[in-house]
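Here is my note for you to read beside the structure. Please keep the sequence open while you go through the points.

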Amino acid sequence: MANPRTFQIQEISAHPGPVPGRGVRREEAVCKYIDVTTCIGCKACEVACVEWNDHPFRETTFNDTYQTMPTTEWNYYNLIKFVEDERDGNLMWLLRKDQCLHCEDPGCLRACPADGAIIKYENGIVDFQQENCIGCGYCISGCPFDIPKFHPNTKKVYKCTLCSDRVGQGLEPACVKACPTGCLKFGTKSDMVQIAGLRAKQLREVSGFADAGVYDPASIGGTHVVYVLHDIKRPERYGLPANPVIPPSYTYWKWLAKPAGLLMGVLGIGAVFFHRVMYGPKLPQPEPPEVRTGPTEEIDAGRKETL
Amino acid sequence: MSVTAKNFDEKARGKFARLGTTRVRRGELLRHPVYTRVLHWSVAIFFVLSLLTGFAIYSPWLFHWITPLFGGGPRTRLLHPWFGLLFEVFFFFQFLNWMAPMVWTEADRRWVKRMRHYATNQELLESEDVGFFNGGQKLYFWAIVVSGVLFLITGLLMWFDDVVGRWIVAVSYVIHDLAALVMLAGFIIHIYEGTAHQPGTFGSMIDGTVKENWAWTHHPAWYQAVTGRDPREAYEREKRSHEEAQTAQE
């Protein structure tokens, strides 16, 4: 696909006013803004996600909450988590839209051993390429947010694409399009972080949430989905790790020890081969004496085997 | 445990001896009965299948040509734990079968000290205290036992990764890989010693027999135990007969 920027019109002959679209794209990195504090739990985003991705109806499990199902699934990328919390002795719902956070340093991509099964675009979207996926499930344990889900029939792993197909055409993700309260926004990373910061400030200063803040964890280089939380000091309450990390086995082991191990295998085969060449076989002892034959010229090397 | 295992092992060996045949000809000794041979090759087949499918998961970019043999990447990944499980099952029986002759002894400690000489073919005849298995074979056996336990534990943790935490799974991958690398190194040496390096050895796992001179050369204490003859005397006698034949020819 050609870079859309290449075909951004620069000048138009005899056109009054500015060139449409020029200078709009200031930044490559995209981001989704999720304001947990204004989400009403209508689940329009869940429906929009299922619709856009053309996923089949999925049976759900009822576990005494308003939540659609316990976790996201291979055909259910987007799930509002209905966490029941308390505030001033009353029930308070923490309605967090659970989905892939599109990490700047993605644990799934670090863990994946298959060539080309997970890619990250320049704009920050982390996308699974199922045709290259071998279904090993390394990404599932590489992810700090328990997002990639295994499809038992295709034996491959799926997750939120941040609607990379829509974004590629200049559209916002389907969930953002469907959201009726404006708690979901989509734009450049810096814009979304700025809006999130302003909203958190408003929550702290006006709405009485002294610990409100933006969830954009630095331990994985930030994310391309940021949350505004009432309480940034305890993200665990929302089911988010305070300090998400990628197991070092996926960063160091994969790039250091794996090639070293394979090299060891190759050297091992080479070692036994040259051992045989240099030291020869260990024959049962005593070895029979060599057969005395005449000078080699007397042997007809071209004769038939039967004679 | 040990009595039940022993009874089971005896029964299985007897049954397989009736099912198959082992012909021991003049100048040969019975080395491996039918049961051992069947177990060895069952273990070997599933080890190789696990190794190939494992390689395909370990580094798919390097083993693109392996996965089509098993029906594509996801199918290879799906089969790997089952191949591994069958390897574990057959090796468990092999473990019961070989537990007794694989017990580590003082002679093995001395063998390990001589390993350098052994590897450079400095001694044509093995030391007289080397029995049915030498120290190197026992090392490989116990390496498989340890790796087999590690494979099983870490393999199950990775198989049921939705039950255990992601850190346990992440550590399991590393231990599983390390065990595989130890096994790979041992496997290369095992094949080499059993074929190209020691002619006459491979047949013991196919036909079950070895030549007497093979036995007194590589496993003198075992030769003495099964024939009642002194291995060095047998060697000297054969050497003299070779020399006599040589003189007669001249």
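Predicted model: local features only at pLDDT ≥ 70, side-chain atom pairs only at ≥ 80, totals over all residues.

1. Residues are numbered from 1 along each chain as its sequence is written, and chains are lettered from A and ligands numbered from 1 in the order in which they are written.

2. In chain A, four strands make up an open sheet with mixed pairing, in the order 8-1-10-9. Strands (E, at least two residues) and helices (H or I, at least four residues) are DSSP runs numbered from the N terminus, and two strands pair if DSSP finds at least two bridges between them. The edges are strand 8 (184-188) and strand 9 (213-215) of chain A, each of which pairs on one side only.

3. Strand 10 (residues 225-229) of chain A pairs with strand 1 (residues 30-35) of chain A in the parallel sense over four bridges, whereas its pairing with strand 9 of chain A is antiparallel, over three bridges. Within these pairings, A:Val226 is the bridge partner of A:Tyr33, A:Tyr227 has A:Ile34 opposite, and A:Val228 has A:Val214 opposite.

4. Why can strand 10 of chain A be called largely enclosed by the rest of the structure? Five of its five residues are buried, so the rest of the structure largely encloses this strand; a residue counts as buried if 20 or more other C-beta atoms, placed from the backbone, lie within 10 Å of its own. A:Val225, A:Tyr227 and A:Leu229 point one way from the strand, and A:Val226 and A:Val228 point the other way.

5. Helix 7 (residues 166-197) of chain B has 32 residues and reaches 45 Å from its first C-alpha to its last, close to the 46 Å expected at 1.5 Å a residue, where the expected span is 1.5 Å times one less than the number of residues. Its buried residues, including B:Tyr173, B:His176 and B:Met183, pack against helix 3 (138-142) and helix 7 (248-279) of chain A, together with helix 2 (34-58) and helix 6 (135-159) of chain B.

6. The contact between the chains takes 35 residues from chain A and 45 residues from chain B, with residues in contact if their C-beta atoms, placed from the backbone, lie within 7 Å. On the side of chain A that touches chain B, the largest share, 13 residues, comes from helix 7 of chain A.

Definitions and conventions: Buried ≥ 20, exposed ≤ 12 C-beta atoms within 10 Å, placed from the backbone. Contact = placed C-beta atoms within 7 Å.
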